[in-house]
Structure formats: structure tokens, C-alpha cells
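Welcome! Please take a moment to look over the chain shown here, and then let us walk through it together.

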Amino acid sequence: MRQIIVRDNEAGQRMDKFLQKYMKEAPVSFFYKMMRKKNILLNEKKCGGNEKLEKGDCIRLYLAEETLEKFGAPSSKGEEPSPYARAYEAIGALPVLWENECGLAVNKPAGLLSQKARPEDLSLNEWLIGYLLREKALTAQELSTFRPSVCNRLDRNTSGIVLCSKSLAGSQVLTEAIREKSAKKFYRLFALGRLEEPRVFTAWEKKDPASNRVRILWEPCEGASRIRTGIRPLLTGILPGTGEVTYAEAELFTGKTHQIRATFAAMGHPLLGDAKYGFKARDGGRKGIPVRGQMLHACRVEFSDTPGLSRAGLSGLTLTAPLPESFERVLAALKEKKDIEEN
């Protein structure tokens with residue numbers, strides 16, 4: 001007999017769906033047959049499979065270990081999956097900006113994937129599971145029925161806030177908050193040239209999968225998505241080896257692939273370091289401040305004050321990610337130049 005106690009990250013799903021995740025190789029008919037024969041019980045009672053699981057529920061499987069293993073159930077030894085432990089060790093400790101039983105927010109560094117693109121990649125997703133296993137907030141056995149994941153993605157070379165789920169309920173709340181725009185997302189960036197007035201940039205973008213780039217269009221067309229980006233210039237100065245650069249904040253009213261990067265490039269102000277969308281280093285970088293990848297940082301998330309976010313402890317919450325050191329260096333250079341001009 002094997003006993004499973006439902007935890008936070010498994011609650012909220014149907015009994016039959018839970019069993020299908022727990023024993024991936026078993027046919028659905030097997031579960032219903034075992035429930036009819038009372039070989040699978042929920043809280044010591046016969047169950048039908050449509051029950052919604054709650055934290056603390058007790059599922060008992062009166063099945064042989066050989067049967068469980070045959071149908072792909074996790075090992076009863078509960079060994080930690082080594083890929084996640086290796087990912088955590090390889091990536092190292094990352095700043096956790098907020099955490100409760102539903103989820104957490106991580107300040108992702110530039111250079112780290114949010115989700116892996118190839119089987120051999122290490123990403124924030126693997127780091128997250130390794131972190132939760134290390135903190136005893138998750139067991140290896142629970143991974144068979146729920147897998148924590150990032151809820152919003154940043155490009156590899158974009159740094160800043162990534163929201164992650166720890167439970168099914170947390171995943172639902174965070175995903176809905178992003179989809180319904182009750183989580184406002186703000187970015188800091190450096191763009192080439194001078195920007196002086198705040199504005200909202202509205203257009204359409206269309207992705208080219210072959211080049212992994214998007215094109216900005218001024219009229220709707222088939223396959224294109226409407227985009228809206230708020231832009232607020234904060235400071236303009238001369239960056240050695242580059243020229244005039246504006247430090248700005250952008251707000252995403254829509255969240256599409258490369259939206260901020262393509263938007264600024266379409267305005268004639270590509271992001272500093274963004275070679276994909278038009279940035280070209282001058283003087284071979286000899287006179288300038290070296291940058292790697294686009295200078296774009298997800299700096300702040302503001303959650304609306306709504307009842308739907310209260311159950312996850314997010315209502316009215318503002319999360320802030322400190323600027324990376326690379327941003328501080330460029331900002332210091334711009335401020336120094338501005339001070340010289342003013343004096």
C-alpha cells in the first residue's frame with residue numbers, strides 16, 4: 001500500500017487527473033476500475049474520480065509496487081532528481097524578491113534562459129525546481145503530479161523579474177493576473193539617440209520564426225498582433241564610444257515577442273547592445289563601456305488591489321528588482337556627462 005498526502009501544490013485538481021499524472025503509463029480505464037474495486041481510496045472512502053482534491057486529503061493506493069513501477073509511478077524512495085540539483089548548483093543562488101506558498105519572484109540575470117530551448121540547456125525552470133527541492137518546499141514524488149514553472153518569460157539577455165508558480169493554485173492566479181493585465185510590468189532600458197516626450201507607441205507586429213525576429217507594421221494584417229507600449233524618458237546624455245543615449249522606462253500594455261526591442265528599433269532608437277534590432281558598436285568598443293546583449297531590465301511589477309489576487313497574497317503588492325551592475329555603470333557615465341554640461 002502506498003499513501004499520498006495532498007499538498008498545496010497539488011490541491012485544486014480532479015482526482016482522476018492527479019492519478020493520470022502520478023501513473024503516466026496506466027490507461028484511464030485502469031484508474032476507474034481500481035476505484036470501483038476500492039483499491040484506490042480517497043480519505044478512506046470510495047471515490048469516483050471527479051472529486052476536487054484539497055490540501056491534506058489522503059489517497060491510498062492498494063496496489064503492488066511492481067504495478068506502480070510498471071505504470072510509471074515515482075520511486076517510493078523519493079530520490080531527488082539529479083538534473084534539478086545540478087541546475088541549481090551550476091547556476092548558483094539567485095535573488096528571490098518575494099515568496100509565499102503560491103509562488104515566488106526571481107531577479108533573473110542576463111544570459112540565463114527562462115525556459116530551455118534544447119534538452120541540454122540549463123534554464124530558470126530547472127533552477128526553480130532545484131531551489132524548491134533544496135528548500136524542502138517540494139518533494140521528488142510531487143513532481144509526478146505538478147511541476148512548478150515560470151509564469152512569464154524574459155529573453156536570455158534581458159534581466160529582471162520573473163514570476164514563478166509553486167502550486168497549481170499559484171499558477172492559476174499568476175497566469176490570470178498576467179493575462180488580465182492586473183500585473184503591470186515595467187522595464188528600464190538604454191536606447192540610442194534622444195527621446196524627450198512620454199508617449200504610447202501603438203502598432204502591429206508580426207513574427208518571422210525563421211529569423212526569430214519581429215517586424216513592426218503600421219496597419220493590421222493577417223498574422224500580426226496589435227501592440228501598445230508606454231515610453232517615459234528619464235535621462236539623456238553622451239556615452240563614450242557610442243554617442244547620445246536615453247535612459248527610459250517602458251510599460252507593457254500588451255506582452256508580445258521582443259515587443260520593447262522592436263518598438264524602439266522602429267522608432268529609430270534601438271536598444272544599446274541589441275545587435276538583432278539595429279545596434280552597431282562604434283570604434284570596436286575601444287572607447288566605450290562594453291555591453292553584452294540588449295540593455296533591458298524588467299524592473300517592477302505592480303499588482304492591482306483586487307480580491308482575486310488576495311488569496312495569493314498579491315493584492316496591491318509592488319515588486320522591484322535592483323538594477324544590474326552593467327546598468328549602474330552606463331547610468332553613472334550618463335549622469336557624469338550631464339553634470340559636466342550643466343556646469
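Which helices and strands each supply at least two residues of the lining of the largest pocket? They are α6 (168–179), β8 (183–192), β12 (243–252) and α7 (259–266). Helices (H or I, at least four residues) and strands (E, at least two) are DSSP runs, numbered from the N terminus.

Before going on, a word on the model: it is predicted, so local features need pLDDT of at least 70 and side-chain atom pairs count only at pLDDT 80 or more, while totals for chains, interfaces and linings use all residues. Residues are numbered from 1 along each chain as its sequence is written, and side-chain values use heavy atoms, with hydrogens and water left out.

**The chain as a whole**

| Feature of the chain | Value |
|---|---|
| Secondary structure | 9 helices and 14 strands |

Buried means under 20% relative accessible area with a 1.4 Å probe, protein chains only. The UniProt record, an unreviewed entry, places the feature "domain: Pseudouridine synthase RsuA/RluA-like" at residues 104–266. Over that stretch the chain is 19% helix and 38% strand, and the end C-alpha atoms are 34 Å apart.

The largest pocket has a volume of about 1,200 Å³. Among the 39 residues lining this pocket, Arg153, Leu154, Asp155, Thr257 and His258 are the closest to its centre. Strand β8 gives the most to the lining, with 4 residues.

**The cores**

The largest nonpolar core has 40 residues, of which Leu124, Trp127, Leu189, Ile260 and Phe264 touch the most other members. Helix α5 (residues 124–134) provides the largest share of this core, 7 residues. Apart from this core lies another, of 23 residues, among them Leu19, Phe30, Met34 and Cys47. A nonpolar core here is a set of buried Ala, Val, Leu, Ile, Met, Phe, Trp, Tyr and Cys residues joined through side-chain atoms within 4.5 Å.

Leaving aside neighbours within four places in sequence, Trp127 is in contact (heavy atoms within 4.5 Å) with Ala87, Tyr88, Ile91, Gly92, Leu94, Val96 and Val106.

**A closer look at Ser123**

Ser123 sits in the loop between β6 (103–108) and α5. Is Ser123 buried or exposed? Ser123 is buried, because its relative accessible area is 0%. Leaving aside neighbours within four places in sequence, Ser123 is in contact with Ile91, Leu112, Leu113, Ser114, Gln115 and Lys116. A polar atom of the Ser123 side chain lies 3.4 Å from the backbone nitrogen of Lys116.

Conventions
UniProt positions renumbered as here; feature names shortened; annotations may be inferred. Buried < 20%, exposed > 50% of the residue type's maximum accessible area, 1.4 Å probe, protein only. Polar contact = N/O pair within 3.5 Å; in protein donor to acceptor, adjacent residues only side chain to side chain. 1 Å grid on protein atoms, 1.4 Å probe; cavity = no way out; pocket = protein on both sides within 12 Å on 5 of 7 lines; lining within 4 Å. Points joined across faces, edges and corners; volume = space filled by probe spheres on them.
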